Amino acid sequence: MNTVDFILDLLYPPVCLACGELQVIGTEVPLCSACQAKWEELRRSRCPICGDPETVCACKPPLLADLIRNVECLHLVPYEQTTVAGKLLLTAKDERFPRLTRFFADELISALQMRALLEEQNDACIVYLPRSAARKAESGVDQAESLARALGQRLELPVLKAFARRDAPPQKELTADERLRSARRTYRLRKGFSLTEGTTVLLVDDILTSGATMLAGAELLRSVGVGKIVCVSVGRSVEPSKKQKK
Ligand SMILES: [Zn+2]
Ligand SMILES: [Zn+2]
């Protein structure tokens, strides 16, 4: 922890970002021990689609699996608003907490290493799906960008501004097809953006749902010669209809 962070801790003692319990000054992990245990439990819970623990699940949303080659997906935890993970993800959307972003980045890096997805990282780069200007202005935060930057710093990989976007209606009420149409209209490549042919790209977002947004991003990257795409998200929410019935 650097001096500035330490002084900030003295002024605003750190709290568990899931339950609000006061933490020891200088604590790096943004969770109290009880909430950290719940986070670990979520990490080990079973994927509702493949049945493997979330730590090793390599499931892709159908959109990403069907429409694009050379793509891997990695997430950390199931996303539900009421869990410890859900609270952390919602907190990250509303306010900037560097130790929360670092926590997500560290967890993602160990997951990437566990699945050996970083082997060709020498020429890799990181891109993110930016938040709408309106939402960013409201909260002062672009959680996907913060996460991408924390990953870039830790992995010593460049973070590139690949995408521009316009404001779009919320996707919650849309079907997967409608989400995809909307995502394709929302994002475009920034003028002059290019990649060296075959580059591995980590495509970062905070939550993966239908995969429509990631797919729209992946299609744009494909148009500039991307090699492998690793879609990286902290949370993944599975639509009830896709869950395996047991
Ligand atoms: Zn807690
Ligand atoms: Zn799975």
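In this structure, the residues T101, R102, F104, A105, L108 and I109 of α5 meet S146, L147, A150, L151, R154 and L155 of α7, where a contact requires C-beta atoms, placed from the backbone, that lie within 7 Å. By class, this contact has eight nonpolar, two polar and two charged residues, with Ala, Val, Leu, Ile, Met, Phe, Trp, Tyr, Cys and Pro counted as nonpolar, Asp, Glu, Lys and Arg as charged, and the others, Gly among them, as polar. The model is a predicted one, in which local features need pLDDT of at least 70 and side-chain atom pairs count only at pLDDT 80 or more, while totals for chains, interfaces and linings use all residues. Residues are numbered from 1 along each chain as its sequence is written, and chains are lettered from A and ligands numbered from 1 in the order in which they are written.

Helix α5 (residues 98–114) packs against α7 at an angle of about 60 degrees, with the axes 9 Å apart; axes are lines fitted to C-alpha atoms, for helices over the stretch in contact, and angles run from 0 to 180 degrees between N-to-C directions. The two helices α5 and α7 are therefore oblique to each other, given that angles under 35 degrees count as roughly parallel, over 145 as roughly antiparallel, 65 to 115 as roughly perpendicular and the rest as oblique.

The sheet is open, and its five strands follow the order β1-β7-β6-β2-β3 with parallel pairing, where a pair needs at least two DSSP bridges and where helices (H or I, at least four residues) and strands (E, at least two) are DSSP runs numbered from the N terminus. At its edges lie β1 (71–78) and β3 (159–160), each pairing on one side only. Helix α7 (residues 143–155) packs on this sheet and touches β2 (125–128), β3 and β6, its direction making about 135 degrees with that of β6.

Methods: Contact = placed C-beta atoms within 7 Å.
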